[in-house]
Amino acid sequence: MGKVKYYYDSETLSYRKIERKKRTTFKYAVVFLLAAALFAFFFVIIASNFFESPKERQLVRENENLKFQYELLDKRMEDALAALENVEERDNAIYRLYFEANPIPEEQRRAGFGGVNRYKKYEGYDNSKLIAETNKKLDIIEKAIVVQSKSLDEIKILAEDKEQFLEAIPAIQPVNNENLTRMASGYGYRTDPFTKVRKFHYGMDFTAPRGTPIYATGDGIVKRADNSSTGYGKHIRIDHGYGYVSLYAHLYKYNVRVNQRVKRGDLIGFVGSTGRSEAPHLHYEIFKDEERINPINFYYGNLSAKEFNELLEKASLENQSLD
Ligand SMILES: [Zn+2]
């Protein structure tokens, strides 16, 4: 109930009611509402700066969780990088060393991150540093994996090549020589069986009865199987690649043809006494880059250290060769 207000009318000398105009009342109401709305508006603005809404609180929690997970990822990347560094170390110090490849320098494994700031797009946020660092770590890991993978590709090729090399070069004795009694004369100065003059004997002689099997001492291709080389009689030459050739002389019979591919241990012919030979035996030579070298160093495939020493002793005796 509104108050009734009066005023003193001096003309009529009496109190009279003040009649409020309706328009004035309406005006007051509008002003009041506007003021209230304005107050509410500023109140909400100011309050929102000091108090969080439930949705904001949820977002803050979510943000904290993301940051926490990001830090965990960062830590895991550090662990991954440490594991990778261990592989790189072994790669340089063992694998590459073993296959005679140069180690990959640290700069090359970590190259490619200088110059323009590629992490600029992460700047301007609360967690910019964490995000940039994590991305940087992942970039380093990715790059290192690529370099490591290439290194392993290279090693694979070298290993295959080495395996092929080890299969190719002569590595066994050309005849069965289990108790080493067949080694008759070694590489070096020997007495010539015909002239009795001291001269250089460029191979090793293995005594054996006519018809004893002769084996290829490494993988290769038969380059010659003929008797048109002076002194050697019927002989075989096998090209092993890598500059190595083995020669088997004074044969009784061939078991291979020219251009035939042979494996180590394949039967290639039989012992005889053709050419300049005193008695049935195999004269065996090894060429490296067309120079004849001592075959004693090419029997490691089927000799123990003790047997090798025994053979070495026998082969060093300056006796008479069978030629
Ligand atoms: Zn000989």
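Modeller: This is a predicted model. Let us begin with a strand pairing: the bridge partner of lysine 288 in β15 is glutamate 291.

Biologist: How many bridges do β14 and β15 have, and in which sense do they pair?
Modeller: β14 and strand β15 (residues 291-293) are antiparallel and pair over three bridges. They form a hairpin with two residues between them. Aspartate 289 sits in that turn and has a positive phi of about 50°.

Biologist: What does the charged end of lysine 288 sit over?
Modeller: The ring of tyrosine 244, at 5.2 Å from the ring centre. Tyr244 also belongs to a cluster linked by ring pairs, together with Phe165, Tyr242 and Phe298.

Biologist: Back to β14. Is it enclosed or open?
Modeller: Strand β14 (residues 281-288) has eight residues and seven of them are buried, so the rest of the structure largely encloses it.

Biologist: Which other strands pair with β14?
Modeller: Strand β6 (residues 204-207) pairs with β14 in the antiparallel sense, over four bridges. Strand β10 (residues 244-249) also runs antiparallel to β14, joined by six bridges.

Biologist: Which residues of β14 are the bridge partners of phenylalanine 206 and alanine 249?
Modeller: Phenylalanine 206 has leucine 282 as its partner in β14. For alanine 249 the partner is histidine 283.

Biologist: What are the protein donors of the zinc ion?
Modeller: They are His201 through NE2, Asp205 through OD and His283 through ND1. These donors lie 1.9 to 2.2 Å from the zinc ion.

Biologist: How are the donor residues spaced in sequence?
Modeller: The pattern is H-x3-D-x77-H.

Biologist: Are histidine 201 and aspartate 205 buried or exposed?
Modeller: Histidine 201 has a relative accessible area of 5%, so it counts as buried. Aspartate 205 is buried as well, at 0%.

Biologist: What stands opposite histidine 201?
Modeller: Glycine 188 stands opposite histidine 201, which is in β5. β4 and β5 pair in the antiparallel sense over four bridges. These two strands form a hairpin with six residues between them. In the turn, lysine 196 has a positive phi of about 60°.

Biologist: Switching to rings. How many aromatic pairs are there?
Modeller: The count is 15 aromatic pairs. One of them is tyrosine 189 with phenylalanine 200, an edge-to-face pair with 5.0 Å centre to centre and 85° between the planes.

Biologist: Where do those two residues lie?
Modeller: Tyrosine 189 is in strand β4 (residues 188-191) and phenylalanine 200 is in strand β5 (residues 198-201), so the pair ties together parts eleven residues apart in sequence. Tyrosine 189 is partly exposed at 40% relative accessible area, and phenylalanine 200 is partly exposed at 25%.

Biologist: What does glutamate 154 form a salt bridge with?
Modeller: With arginine 96, and the closest N and O atoms are 3.3 Å apart. Glutamate 154 lies in helix α4 and arginine 96 in helix α2 (residues 54-98), so the bridge ties together parts 58 residues apart in sequence.

Biologist: Are glutamate 154 and arginine 96 buried or partly exposed?
Modeller: Glutamate 154 is partly exposed, at 36% relative accessibility. Arginine 96 is buried, at 4%.

Biologist: What else does glutamate 154 touch?
Modeller: Leaving out residues up to four places away in sequence, glutamate 154 touches Ala101 as well as Arg96. Serine 151, which also lies in helix α4, is in contact with Asp91, Arg96 and Ile104 when neighbours within four places are left aside. Serine 151 is buried, with a relative accessible area of 1%.

Biologist: Where do glutamate 318 and arginine 198 lie, and what do their side chains form?
Modeller: Their side chains meet in a salt bridge, 2.6 Å from N to O. Glutamate 318 is in the segment after α5 (305-316) and arginine 198 is in strand β5, so the pair ties together parts 120 residues apart in sequence. Glutamate 318 is partly exposed at 47%, while arginine 198 is exposed at 51%.

Biologist: Which residues are linked in a network of salt bridges?
Modeller: Glu85, Glu88, Glu106 and Arg110 are linked that way.

Technical notes: Residues are numbered from 1 along each chain as its sequence is written. This is a predicted model: local features need pLDDT of at least 70, side-chain atom pairs count only at pLDDT 80 or more; totals for chains, interfaces and linings use all residues. Side-chain values use heavy atoms; hydrogens and water are left out. Donors are N, O and S atoms within 2.8 Å of the metal (3.2 Å for Na, K and Ca); water is not among the atoms, so sites may look incomplete. Buried means under 20% relative accessible area, exposed over 50%, partly exposed in between (1.4 Å probe, protein chains only). Contact means heavy atoms within 4.5 Å. Rings of Phe, Tyr and Trp (its six-membered ring) pair if their centres lie within 6.5 Å; planes under 30 degrees apart count as stacked, over 60 as edge-to-face and the rest as tilted. A charge sits over a ring if NZ of Lys or CZ of Arg is within 6 Å of the ring centre and within 35 degrees of the ring normal. Two strands pair if DSSP finds at least two bridges between them. A salt bridge is a side-chain nitrogen of Lys or Arg within 4 Å of a carboxyl oxygen of Asp or Glu.
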